[in-house]
Amino acid sequence: MIRTFINVLLLSFFIISCKQKSDKNLKISDLNNNKSEKCEVQKKHSFSDINTKDTFKIIYSCDDLEGPMIFQILNIEGKIIYEEKISGNQFYDYERPWYLYVSDPKRDEDFDPKKMNKQLTDSLHQADIKYIKSRMNNFFNKENFIRNPSSKLEKDYLIEENLDKINDEKINIGFSYKLSRGGGFKVICYSKKLKQILVIADCC
């Protein structure tokens, strides 16, 4: 009973910590006004046009991987065709090192994560930062890009209203990603006719 209660508290804390800097509260200026050096992760993939490659990038403060970030997609001409404001802690999920440690069922029933010593909390935080880096480096991997995704996704997750807008386009490429979701994901797709990116699937 006590173990269940602790796990509920930990889960609540985990979810709250992931939402502390949600994209709704962030501004691009939060990153631009940051005087620390900017870093970025970027990869090129065919997306808005199968004959060219767009640039997918995440721009962030080198000194604060848990802080404000910008996720952008630029076409071959360098024009930004998609931009989303996120925060580094949105890369945390149930595989986060800190969460795996404090939620370990083998832990003693009297274990209190608030009483962990500084050496342990610092070590877990460093592991968390490495985890964010790993998630970022794998964010634009090839397997996250799906050709004609509407035919490969479960119907329950599809957003029919947006699918109808790209149905007459013979070939399109979807990009699937997740942020602050246990097993959820979002799939975006570019409509040449509308010249904009649409969310075609969303699983919380």
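The face of helix α4 turned away from its buried side carries the exposed residues Q119 and K130, where exposed means over 50% relative accessible area and buried under 20% (1.4 Å probe, protein chains only). The model is predicted: local features need pLDDT of at least 70 and side-chain atom pairs pLDDT 80 or more, while totals for chains, interfaces and linings use all residues. Residues are numbered from 1 along each chain as its sequence is written, and side-chain values use heavy atoms, without hydrogens and water.

**Helix α4**

- L124, D128, I129, Y131, I132, R135 and M136 are buried in α4.
- These residues lie on the same side of α4, because they cover an arc of only 160 degrees around the axis, taken from the directions from the helix axis to the C-beta atoms.
- Packing against the buried residues of α4 are β1 (38-45), β2 (54-61), β3 (68-74) and α3 (97-102), with contact meaning heavy atoms within 4.5 Å.
- At the N-terminal end, N117 caps α4 through a side-chain oxygen 3.2 Å from the backbone nitrogen of Q119.

**Whole chain**

- The protein chain has 5 helices and 8 strands, taken as DSSP runs (helices H or I, at least four residues; strands E, at least two).
- Their order along the sequence is α-α-β-β-β-β-α-α-β-α-β-β-β.
- Of the 204 residues in the protein chain, 46% are buried.
- Of the contacts between residues at least 6 apart in sequence, 56% join residues at least 24 apart.

Terms used. Polar contact = N/O pair within 3.5 Å; in protein donor to acceptor, adjacent residues only side chain to side chain.
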